Amino acid sequence: MIIMKKNKLDIIYQDKHILVINKPCGLLTVSTDKEKEHTLFHQVYTYEKQKNKNNKIFIVHRLDKDTSGLIIFAKSEKVKYELQNNWDSLVKERKYIALVCGNVKKDKDTIKSYIKENKNFISYSSNKKDDGKLAITYYEKIKGNAKYSLLNIKIYTGRKNQIRVHMNDIGHPIVGDKKYNSPLNPIKRMGLHATELEVIHPITKETLTFKSPIPKSFNSVFIDNN
């Protein structure tokens, strides 16, 4: 079953158990010490409370502030823990679109490394087994020019900043990603979007596929720079 929907609230799908949102770029998923209310969680919480003051909402997973795309929220603690505790078996595919710097030479490749954090909480790769957590990223090139490449990306693990680290590792950092050495930002945002999520519903056990279209700005660099 494939579900595609876009509306002003960025709600892709909802039922009495889960809510799937298309998160905009530049919005935190959850609060930090510096920002409490301008978050996706706060917006979804407010939305649910407006429908019924007894409604609840729970975070299941996150996207980086500057990454846009699909996020699942749970409407009960039972569903939250069902998803989190069985994430690897319930989530069948997670796909992203990445706009990266430079013309990627290989049309497709699989990147493997062990990701860990330094003392400043910045993730980086190690090639030593057991020195960090195994991270596996597969990409296919959609198109490219002298300055940029557009990639389809599938992740087999969900490490912090995994795609950003791996793209930097191969010398093609994600556009706009200053944290991982991007020198270019023509689209005024980070070029990473969670575009597809295939999940087995934690309650009904139905397989659902959610999709979010590629941001238009990702293709603009190929029109302007031919």
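A cavity, as I use the word, is a set of grid points where a 1.4 Å probe fits but cannot get out. Keep in mind that this is a predicted model.

With that rule, the count is one cavity of 30 Å³ or more. The largest cavity has a volume of about 50 Å³. What lines it? The lining consists of H61, L70, R94, K95, Y96, A194, T195, E196 and L197. By class, that is four nonpolar, two polar and three charged residues. β11 gives the largest share of the lining, four residues. β6 and β11 each supply at least two.

Now the packing. The largest nonpolar core has 28 residues, and those touching the most other members are L19, F73, Y96, I153, I163 and M167. At least two residues of this core come from each of β3 (18-23), α1 (40-51), β5 (68-74), β6 (91-101), β10 (148-155), α4 (162-169) and β11 (192-200). Take I153 as an example: leaving out residues up to four places away in sequence, I153 touches R94, K95, Y96, A98, T137, Y138, Y139, I163 and M167. There is also a second, separate core of 19 residues, with I18, L83, L90 and L208 among them.

Last, a glycine. G102 sits in the loop between β6 and β7 (108-117). Is G102 buried or exposed? G102 counts as buried because its relative accessible area is 18%, and the cut-off for buried is under 20%. Beyond four places in sequence, G102 touches A146, K147, Y148, S149 and H172. The C-alpha atoms of G102 and G144 are separated by 8.1 Å, with the two residues 42 apart along the chain.

Conventions
Residues are numbered from 1 along each chain as its sequence is written. This is a predicted model: local features need pLDDT of at least 70, side-chain atom pairs count only at pLDDT 80 or more; totals for chains, interfaces and linings use all residues. Side-chain values use heavy atoms; hydrogens and water are left out. A nonpolar core is a set of buried Ala, Val, Leu, Ile, Met, Phe, Trp, Tyr and Cys residues joined through side-chain atoms within 4.5 Å. Buried means under 20% relative accessible area, exposed over 50%, partly exposed in between (1.4 Å probe, protein chains only). Contact means heavy atoms within 4.5 Å. On a 1 Å grid over the protein atoms alone, a cavity is a set of points where a 1.4 Å probe fits but cannot get out, and a pocket is an open set with protein on both sides within 12 Å along at least five of seven lines; lining residues have an atom within 4 Å of a point. Grid points are joined across faces, edges and corners, and a volume is the space filled by probe spheres set on the points. Ala, Val, Leu, Ile, Met, Phe, Trp, Tyr, Cys and Pro count as nonpolar, Asp, Glu, Lys and Arg as charged, and the others, Gly among them, as polar.
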